[in-house]
Amino acid sequence: MRRARIAAACLGLLATAHLGCSRGDDDPARAAGAPGDAACACAPAQVVDPTLLAFLSRSRAGHHAADVALGAGDRAAAIRALEGIIAAPRPPGAPPEVAEVTADTYARLAELRSEAGEFDAAARDIEAGLKLAPAPSHYEGHLYEVAGVVEERRAKALEGQGDRDAAAQARKRALGLLEQAISVQDQVITGALKGAPGTPR
């Protein structure tokens with residue numbers, strides 16, 4: 001799923017580039033965007049940032065590497081692969097795709113750490129991801145969803161340790177976070193429907 005979102009970001013950038021200069025231009029010569037024509041202000045070289053495409057491709061490879069490591073039962077190697085995405089050089093100008101991919105990577109890190117019982121570390125990943133995720137967005141909602149799962153797992157661990165009061169508190173936090181995830185995703189869906197053709201406003 002994450003690799004699909006990264007791939008979609010790449011395709012979106014390339015599609016924007018291939019729109020060329022025909023958009024909103026009545027002059028066929030200018031619309032064709034002849035080489036060296038200064039009027040062609042939306043040439044692909046000016047639209048597609050190769051460093052951004054490289055970052056997205058590197059991130060996709062990192063998630064692939066994490067998948068391979070998990071398939072071999074090596075959670076630590078998977079976490080290292082994802083941490084490499086977080087630590088990787090980022091394109092200048094803070095493109096939104098970079099923030100989205102990084103936030104989503106933090107969410108996956110939190111999932112893996114919480115599976116290993118590292119609940120506080122997972123919570124820190126969630127906090128870091130929420131600082132990057134646009135609001136409201138699928139990415140923000142997914143981070144709240146994972147945060148709820150982290151607290152649910154914490155509750156089960158506390159229950160197993162015989163600390164029922166702390167487990168009950170963790171479950172309460174889990175419910176609140178999952179409700180917040182639902183609220184955010186509802187906002188995303190409602191916002192999209194408002195902008196859809198033929199949808200009452």
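The model is a prediction, in which local features need pLDDT of at least 70, side-chain atom pairs count only at pLDDT 80 or more, and totals for chains, interfaces and linings use all residues. Residues are numbered from 1 along each chain as its sequence is written, and side-chain values use heavy atoms, with hydrogens and water left out.

The chain contains nine helices and zero strands, and its pattern along the sequence reads α-α-α-α-α-α-α-α-α. Helices here are DSSP runs of H or I with at least four residues, strands are runs of E with at least two, and both are numbered from the N terminus. Of the 201 residues in the chain, 36% are buried; buried means under 20% relative accessible area, exposed means over 50%, and partly exposed lies in between, with a 1.4 Å probe and protein chains only. The chain exposes about 11,200 Å², of which carbon and sulfur atoms supply 57%. Such areas come from the Shrake-Rupley method with a 1.4 Å probe, and for residues only the protein chains shown count as cover. Among contacts with a separation of 6 or more, 63% join residues 24 or more positions apart, where contact means heavy atoms within 4.5 Å.

Axes are lines fitted to C-alpha atoms, for helices over the stretch in contact, and angles run from 0 to 180 degrees between N-to-C directions. Angles under 35 degrees count as roughly parallel, over 145 as roughly antiparallel, 65 to 115 as roughly perpendicular, and the rest as oblique. The crossing of α4 and α6 is left-handed, a label used if the near helix is turned anticlockwise from the far one by less than a right angle, with right-handed used if clockwise. On the α4 side, the contact involves Leu 52, Phe 55, Leu 56, Ser 59, His 63, Ala 66, Asp 67 and Leu 70; on the α6 side, Glu 97, Val 98, Val 101, Thr 102, Thr 105, Arg 108 and Leu 112 take part. By class, the contact of α4 with α6 has eight nonpolar, four polar and three charged residues. Ala, Val, Leu, Ile, Met, Phe, Trp, Tyr, Cys and Pro count as nonpolar, Asp, Glu, Lys and Arg as charged, and the others, Gly among them, as polar.

With helix α7 (residues 119-132), α6 packs at an angle of about 170°, and the axes are 8 Å apart. The two helices, α6 and α7, are therefore roughly antiparallel to each other, and their crossing is left-handed. Residues of α6 in this contact include Ala 99, Tyr 106, Leu 109 and Arg 113, while those of α7 include Phe 119, Asp 125, Ile 126 and Leu 132. The contact of α6 with α7 divides into eleven nonpolar, three polar and two charged residues.

The contact of α6 with α8 has seven nonpolar, two polar and five charged residues.

Within α6, Arg 113 is buried, with a relative accessible area of 12%. Leaving aside neighbours within four places in sequence, Arg 113 is in contact with Ile 79, Glu 83, Glu 118, Ala 121, Ala 122 and Asp 125. The C-alpha atoms of Arg 113 and Ala 76 are separated by 9.2 Å, with the two residues 37 apart along the chain.

In the loop between α5 and α6, Pro 91 is buried, with a relative accessible area of 8%. Beyond neighbours within four places in sequence, Pro 91 is in contact with Asp 49, Thr 51, Leu 52, Phe 55 and Val 98. Ala 94 lies in the loop between α5 (75-87) and α6 and is exposed, with a relative accessible area of 66%. Its phi is near 50°, a positive value in a residue other than glycine. In the loop between α7 and α8 lies Pro 136, and the peptide bond from Ala 135 to Pro 136 is cis, with omega near -15°.
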